[in-house]
Amino acid sequence: MASSQPSSAQSRTRSLSSTGSRSSNTPPSSAGKAGGGRKRPEADTRQTNAGKQQKPSDRLNPKTIDPFSNGSKAQSAFASVYANGGVPCRLVHGSVKHKLAWDTPPEQVLFDPVLVTLAEGLKETAHPYTFVSYMGFRELLDTPGASQKATPLLPKLAPPIRGALSHSDSAVFERGIECLLQLSSVVGPALNPYLKTFLMSLSKRIMEKKYKEKVTEALQHLEQHGGKEVLPIIKAKVPTYCSIFG
């Protein structure tokens, strides 16, 4: 019996030795695969981030879009007309400021429909449409004979200008009020029948501290170019307004 115990001990030792040998010879394939699985997403992330780097132009014009792209997003009416060449001018990027290049001299451009189209573009919020619509409208009204050309179009010009004045975007409102004042200077009292169209929006903005002075000056401008008959029209919407005629 004594001789069988060492034999059993030796057998157990050989069994443990064999098990340890098999464990040490097992290739670390699963560890390698796990490590590789962690590295791949990092590489993909670096590639994705590299593709999303901002261009300098993105910082200068954060809302700039390509007017000639075939994106899936539906274009506005003005954007569609502009992309199809319906507006005879293009934006020219300058080192200091932008300007418009006209395909046809502005004084030869047909106000109907171009001026109306530009007025409709005042509601745009993306570059270059914001610049083209605003500057195009103003440059056309600066041409000789603009009064005779613009006056018959007032029924078509009033609704889009009202839309710009009632827009929630402050920049759109500011462009709208500038264009309204220029139109008032050009057509004079002919704008009076349409003043109620604009006064609803102006009466709301005058309650804002930011625009109180600007809107007050706009009302004074409308009264100056529209004559004394404008005062009761303004007072009906803005009772606190004081006439410039005393």
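Modeller: Helix 11 and helix 12 run roughly antiparallel to each other, and since this is a predicted model, what follows describes computed geometry. Two packed helices are described by the angle between their axes and the distance between the axes. Here the axes of helix 11, which covers residues 212-226, and of helix 12, which covers residues 230-237, come within 9 Å and cross at roughly 155°. Angles over 145 degrees count as roughly antiparallel, and this is why the two helices are given that description.

The contact itself can be followed residue by residue: on the side of helix 11 it involves L219, L222, E223 and G226, and these meet V230, L231 and I234 of helix 12. Sorted by class, that contact is made up of five nonpolar residues, one polar residue and one charged residue.

Helix 11 also takes part in the second largest pocket, where it supplies four residues, the largest share of the lining. The space in this pocket amounts to about 180 Å³. By class, seven of the lining residues are nonpolar, four are polar and one is charged.

For orientation elsewhere in the chain, two cis peptide bonds may be noted. One of them joins D112 and P113, with omega about 25°, and P113 is found in helix 5, residues 111-120. Another joins H127 and P128, with omega about 10°, and P128 has its place in the loop between helix 5 and helix 6.

Finally, the structure holds four aromatic pairs. Among them is the pair of F78 and Y129, which is edge-to-face, with 6.1 Å from centre to centre and 85° between the planes. This pair connects distant parts of the chain, as F78 sits in helix 4 (residues 77-83) and Y129 in helix 6 (residues 129-141), 51 residues apart.

Terms used: Residues numbered from 1 in each chain as written. Predicted model: local features only at pLDDT ≥ 70, side-chain atom pairs only at ≥ 80, totals over all residues. Heavy atoms only, no water. 1 Å grid on protein atoms, 1.4 Å probe; cavity = no way out; pocket = protein on both sides within 12 Å on 5 of 7 lines; lining within 4 Å. Points joined across faces, edges and corners; volume = space filled by probe spheres on them. Nonpolar A, V, L, I, M, F, W, Y, C, P; charged D, E, K, R; others polar. Axes fitted to C-alpha atoms, helices over the stretch in contact; angles between N-to-C directions. Parallel < 35°, antiparallel > 145°, perpendicular 65-115°, else oblique. Contact = heavy atoms within 4.5 Å. Phe/Tyr/Trp six-rings, centres within 6.5 Å; stacked < 30°, edge-to-face > 60°.
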